[in-house]
Amino acid sequence: MERTLAIIKPDAFAAGNAGKIISRIYQEGFRIVGMKKLFLSKVEAEGFYAVHRERPFFAELTDFMSRGPCVVMALEADNAIRRWRDVMGATNPAQAAAGTLRQEFGASIGENATHGSDAPETAAFEIAYFFAGVELL
Ligand code: ATP
Ligand code: MG
């Protein structure tokens, strides 16, 4: 079993799509081992996306992520990291395959509805960023 960190980003939460995305998570066979609604501060968003600090879109990304509430979840499944990224689709919704979450709910490369960890090390960092061990049961 593997764990990954998923986020229903502020655009999708504000649009009322959290329920549909959580429903899809169950359909796809993930177990939700941790879940909370958060309204990230700018500093908290910057800490989460620290690996992107030097990228030109860092300010835009962290403004967006701190614009409204989001839902953070730790998901568990075999091959959870790869499988959740496949369910989300490509970063840019315009390039995301039919039936993926970003194709259905994303508006642009910046406002793309969901997040997923990209490797075991980043998943471990990202899950620990939002959850204490006792919250992951
Ligand atoms: P995420 O990490 O959110 O799951 P990802 O792994 O598909 O997405 P990354 O390259 O890690 O993509 O980029 C992190 C986030 O930064 C993207 O999800 C997107 O919201 C934003 N982003 C990426 N590239 C751009 C860009 N060119 N312009 C604006 N925002 C961008
Ligand atoms: Mg990423």
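**Reading the site of ligand 1**

Colleague: Which residues come nearest to ligand 1?

Modeller: A residue is near if one of its heavy atoms lies within 4 Å of the molecule. Of the 15 residues around ligand 1, the nearest are Lys-9, Thr-91, Asn-112, His-115 and Gly-116. This is a predicted model: local features need pLDDT of at least 70, side-chain atom pairs count only at pLDDT 80 or more, and totals for chains, interfaces and linings use all residues. Residues are numbered from 1 along each chain as written, chains are lettered from A and ligands numbered from 1 in written order, and side-chain values use heavy atoms, without hydrogens and water.

Colleague: Which classes make up the shell around ligand 1?

Modeller: Ala, Val, Leu, Ile, Met, Phe, Trp, Tyr, Cys and Pro count as nonpolar; Asp, Glu, Lys and Arg as charged; the others, Gly among them, as polar. The shell has 4 nonpolar, 6 polar and 5 charged residues.

Colleague: Where do polar side-chain atoms meet an oxygen atom of ligand 1?

Modeller: A polar contact here is a pair of N or O atoms within 3.5 Å. A polar side-chain atom of Lys-9 lies 3.0 Å from a ligand oxygen. For the side chain of Arg-85, the distance from an N or O atom to an oxygen of ligand 1 is 3.2 Å. For Asn-112, the side-chain distance is 2.9 Å.

Colleague: How much of ligand 1 does the protein bury?

Modeller: Accessible areas come from the Shrake-Rupley method with a 1.4 Å probe. Alone, ligand 1 exposes 580 Å², and the protein buries 83% of that.

How values were computed:
Polar contact = N/O pair within 3.5 Å; in protein donor to acceptor, adjacent residues only side chain to side chain.
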